[in-house]
Amino acid sequence: MQVEGGRTAAAVSTTAGAGWRIPLHRTTRLGSELRYLAEALQGESLAADGVFSARAERVLQLRLGAPVRLTPSGTSALELCALGLDLQPGDEVILPSFTFPSTANAFVLRGAVPVFIDVDPKTLCLDPRAAEAAITPRTRALVAVHYGGVACDLDRLGALVAQHEGVALVEDAAHALGSSWRGRPLGSFGSVAAFSFHATKNLGCGEGGALVVNERRRLARIEMLRDKGTDRARFRRGEVARYQWRELGGSHGLGELGAAVLLAQLEHLDRVTARRRALHARYHDGLRELEASGHVTLLHPPAAAQGNGHVCALLAATERERDRLRAGLAAAGIEAAPHYEPLHASPFGRSVGRCAGSLRVTEGAASRLLRLPLHHTVQDGEVDEVVERVRMLLRGGGLAGRA
Ligand SMILES: Cc1ncc(COP(=O)(O)O)c(C=O)c1O
């Protein structure tokens, strides 16, 4: 099971069901959501591809420099991407085991075999050396999951796909809106890229997502696949007299209410990103001493990868210490959570996928990682308190005696 920051039985019992004093996430609300929702409700249609969708897509398009289509979720954006790659049964898709099931499901739904590889210990993003070693004549795609909004090494992954004709680079940028690699926005590197606007992301409309189509030759087809396999997008633009069912497709459009909330939030993306980056830096400043003393390990991306403060994670020395730290924080009303359980070790992952190489870093991260509360409304004083409690629990014997 993924631990999405939801309450564990232990945590609920320590906070008497009254909610966390300092939760891991808080739903983002930035100001104009209600006004835009009221406008949307008074509009002509609440279906996909209305006025608010067009406006939100334009904002994203301006940032990313390529056409964007909104989807009902990040999962749905990945499914649309997999449909567009025309995968055949037995084709292989390389992805990190340390990710959300959606990254793999999308390709398995098309009959492809997920090939699970390890991640880089400095970022927990796909390890380019492992990716290179995993390529076979059946490889059709390499999925770069930008964990916690931090870029994979896109120089090396870009070079790798350039050397292998027929292998597409796909960005799972679910966490990564507002992040960049060498100053260029994440989501603009892959032939396509998927974003998530789930409630736990930096910007969210409850459930939502987007697909960026950087390889423009794919756009017309993606539009059809997104709209039940029909050419309705062309019909709306007046390019054809009627629309028809032309191939296998799905329903991957976001309704106007979601798009209205998303637009309201997109207008504040830079402010939210700046605040999250500042909070992330504050955590790292506070935790540096514990890192120097060997109590925790922090992630250290290269300078080329500018993050968006989506996740602040530490790795404890052992799984037992991580679990005790989590329980100690929960007792103080502070929600902290592990992240992904490795897909290669999950019941379904074992039955449909295969591993390439060692997954040592992935297994270490799954057992020792703990995410700390990070959202744009966390106060500096709350970060300081979390750091202080982590310090007390790890150093001051605060864990002693807790089972
Ligand atoms: C790496 C990754 N990819 C894809 C998704 C799926 O996004 P969504 O929840 O919007 O479907 C998630 C969800 O958190 C994720 O963490």
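Predicted model: local features only at pLDDT ≥ 70, side-chain atom pairs only at ≥ 80, totals over all residues.
Let me begin with the contacts in the protein chain: of those with a separation of 6 or more, 72% are accounted for by residues 24 or more positions apart.

The C-alpha atoms fill a box of roughly 75 × 55 × 35 Å along the principal axes. As for the radius of gyration, a compact globule with 403 residues would have a value near 22 Å, and because the protein chain has 21 Å, the two agree.

I would now like to turn to one pair of helices. Two packed helices are described by the angle between their axes and the distance between the axes. Here, helix 12, which covers residues 319–331, packs with helix 15, residues 380–395, at an angle of about 130°, and their axes are 10 Å apart. That angle is why helix 12 is described as oblique to helix 15, and the crossing in which helix 12 passes helix 15 is right-handed.

Which residues make the contact? From helix 12 they are Glu 321, Leu 325, Gly 328 and Leu 329, while helix 15 brings in Val 386, Arg 389, Val 390, Leu 393 and Leu 394.

Notes:
Residues numbered from 1 in each chain as written. Heavy atoms only, no water. Axes fitted to C-alpha atoms, helices over the stretch in contact; angles between N-to-C directions. Helix = DSSP H or I, 4+ residues; strand = E, 2+ residues; numbered from the N terminus. Parallel < 35°, antiparallel > 145°, perpendicular 65-115°, else oblique. Left-handed = near helix turned anticlockwise from the far one by under 90°. Contact = heavy atoms within 4.5 Å. Rg over C-alpha atoms; globule rule 2.2 N^0.38 Å.
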